[in-house]
Amino acid sequence: MSLFTCEVSAEAEFPGSPEGVWQLITDHARYPQWHPVVVRVEGELAVGARQTEVVRTASGRELTFHPVLTVVDPGRELSRAGRLLVPGLLDNAHSYLITDLGDGRVRVVQRERFTGLLALFFHGRTARDTEARFAAALGNLAGLAALAG
């Protein structure tokens, strides 16, 4: 991996179904209940649809992005791609991957890959902080999945 590429991820296994997890990660209104980074998400759930996503940085600053959905595979994968201002400055690909483990258990992986000039600043502490926030999100998601039954 180069200095201009940074990938962060977290995964969790917990009781639930792929369909139940899918319902939670595609319910835009519920994101603030489980994801410590996401303040708001809006947009159609279809490949090629542009979303509006407001995220809160570790410093508390809110940023608005307009990623495009690249994969909408119910119960399996939700992915989107975006960029900051111009191509090559800071591009990202974000995904939730859901795996049915059988016996009423699932694995969810949240992954984000940053590329471009500003990706240089995502290594080290920022990457670790982002991974910790992803892990917290998946822990919260597991809790909601358990409540949903």
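Leu85 counts as exposed because its relative accessibility is 73% (exposed means over 50% relative accessible area, buried under 20%, and partly exposed in between, with a 1.4 Å probe and protein chains only). This residue sits in the loop between β6 (77-83) and β7 (91-102).

The model is predicted, so local features need pLDDT of at least 70 and side-chain atom pairs count only at pLDDT 80 or more, while totals for chains, interfaces and linings use all residues. Residues are numbered from 1 along each chain as its sequence is written, and side-chain values use heavy atoms, with hydrogens and water left out.

Asp103 belongs to the loop between β7 and β8 (105-115), and with a relative accessible area of 83% it is exposed.

Now for the chain as a whole. It holds three helices and eight strands (DSSP runs numbered from the N terminus: helices are H or I with at least four residues, strands are E with at least two). In sequence order the pattern reads β-α-α-β-β-β-β-β-β-β-α. The C-alpha trace spans about 45 × 30 × 30 Å along its principal axes. For 149 residues, a compact globule would have a radius of gyration near 15 Å, and the chain agrees, with 15 Å (taken over C-alpha atoms; the globule rule is 2.2 Å times the number of residues to the power 0.38). Buried residues make up 38% of the 149. The chain exposes about 8,000 Å², and carbon and sulfur atoms supply 53% of that (areas come from the Shrake-Rupley method with a 1.4 Å probe; for residues, only the protein chains shown count as cover).

Strand β5 (residues 68-73) runs antiparallel to β6, and five bridges join them (strands pair if DSSP finds at least two bridges between them). Asp73 stands opposite Glu77 in β6. Three residues separate β5 and β6 in a hairpin, and Gly75 in the turn has a positive phi of about 80°. On from there, β6 and β7 are also antiparallel, joined by seven bridges. Arg83 has Asp91 in β7 as its bridge partner.

Some loop residues are tucked away instead. Ala119, in the loop between β8 and α3 (125-148), is buried, with a relative accessible area of 0%. Leaving aside neighbours within four places in sequence, Ala119 is in contact with Leu3, Phe4, Thr5, Cys6, Leu89, Leu90 and Phe114 (contact means heavy atoms within 4.5 Å). Thr70 lies 49 residues from Ala119 in sequence and 21 Å away in space, C-alpha to C-alpha.

His28 lies in the loop between α1 (18-25) and α2 (31-34). With a relative accessible area of 19%, His28 is buried. Not counting residues up to four places away in sequence, His28 touches Val41, Glu42, Gly43 and Gln51. Across the whole chain, residues 24 or more positions apart account for 52% of the contacts with a separation of 6 or more.
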